[in-house]
Amino acid sequence: MPEHYSSIGEAVGAAMQHNIRLAQRLTAPVRYLPPASADPYSVPGMIARLTETAAPAEVAAIIEEVNGALVGALPQLTELVAAAADWTRARLTFEDPDHNSVFETWKRLAAAHALLEDVREQLESAEDGIAACPAERSDPKHHRMVNVLRTRELLADVMGSGPEQAAPDRERASRETLRHQAARATSPNASPKPAAAPASSASPHATPATPRTSRSR
């Protein structure tokens, strides 16, 4: 936002537009990831399986799944970054040699793509080393020599299973309520229902019946 305006109204209007743009950026829809138990081959599922007590062959298999050429998470991420770089490439212009922000963005995406390719190579080399690791855990005194790398929980761990569980819960609650109502209706101890009011007393505006007088003989 510029620092000087020709009038107070212009400054207020610019501030309102700025706040609207910020609100639109911050009100993005929230994604609820499935829990790790829903798919053991998803990234959350593989992280849940990769515990400190897992066997070396199992850990090596998980890394192989991550790095798989067809459905691995890392190759898919690499192709995603490549697609973003190609999207930027289609908007390149070199008319101004002193200022080219699009080209700078493309260079960052290309560098990220190259780093991901290097990560794939490193993981391929690490698979054999993981399989050769001992199955037993070492003395904890050796663990203090190297820092722990994982520092955060996954989104599904923080936000829970998501809104898709609300509908089944409501359906189960509704079925349970109906079951209790049916049990009360068929119970021998159920209180009798009040008798329905006569039709003549249903309306306050109904005309009362004229009493019949008996004739004397």
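Here is a short chat about the predicted model shown above.

Colleague: Hi! How many helices and strands does the chain have?
Modeller: Hello! This predicted model has 8 helices and 0 strands. Along the sequence the pattern reads α-α-α-α-α-α-α-α.

Colleague: And what share of the residues is buried?
Modeller: Buried residues account for 12% of the 217 in the chain. The chain exposes about 18,300 Å², with carbon and sulfur atoms supplying 58% of that area.

Colleague: What about contacts between residues at least 6 apart in sequence, how many join residues at least 24 apart?
Modeller: That would be 53% of those contacts.

Colleague: Before we go into detail, which helix has the highest confidence and which the lowest?
Modeller: Helix α4 is highest, at a mean pLDDT of 96, while α7 (residues 155-159) is lowest, at 52. Over residues 159-167 the pLDDT is below 50, and that stretch has 6 contacts in the model beyond near neighbours in sequence.

Colleague: Where else does pLDDT stay under 50?
Modeller: Over residues 199-206, where the model has 1 contact beyond four places in sequence. Where pLDDT is low, predicted coordinates should not be read in detail.

Colleague: Let's switch to α4, then. Which of its residues are buried?
Modeller: L74, P75, T78, V81, A82, A85 and T88 are the buried ones in α4. They lie on the same side of α4, because they cover an arc of only 140° around the axis.

Colleague: Which residues are exposed on the other side of α4?
Modeller: E79, L80 and W87 are exposed there.

Colleague: What covers the buried residues of α4?
Modeller: The cover includes α3 (56-66) and α5 (101-131).

Colleague: How far apart are the end C-alpha atoms of α4, and what should its span be?
Modeller: They are 24 Å apart, and at 1.5 Å a residue the 17 residues of α4 (residues 73-89) should span 24 Å, so the two agree.

Colleague: You brought up α3. Which residues are buried in that one?
Modeller: In α3, the buried residues are P56, V59, A60, I62 and I63. Their arc around the axis is only 155°, which puts them on the same side of α3.

Colleague: Last one: what do the buried residues of α3 pack against?
Modeller: They pack against α2 (43-49) and α5. Helix α5 is also part of what covers the buried residues of α4.

Key: Residues are numbered from 1 along each chain as its sequence is written. This is a predicted model: local features need pLDDT of at least 70, side-chain atom pairs count only at pLDDT 80 or more; totals for chains, interfaces and linings use all residues. Side-chain values use heavy atoms; hydrogens and water are left out. Helices (H or I, at least four residues) and strands (E, at least two) are DSSP runs, numbered from the N terminus. Buried means under 20% relative accessible area, exposed over 50%, partly exposed in between (1.4 Å probe, protein chains only). Contact means heavy atoms within 4.5 Å. Accessible areas come from the Shrake-Rupley method with a 1.4 Å probe; for residues, only the protein chains shown count as cover. The expected span of a helix is 1.5 Å times one less than its number of residues. The arc is that of the directions from the helix axis to the C-beta atoms. pLDDT is the predictor's confidence in each residue, from 0 to 100.
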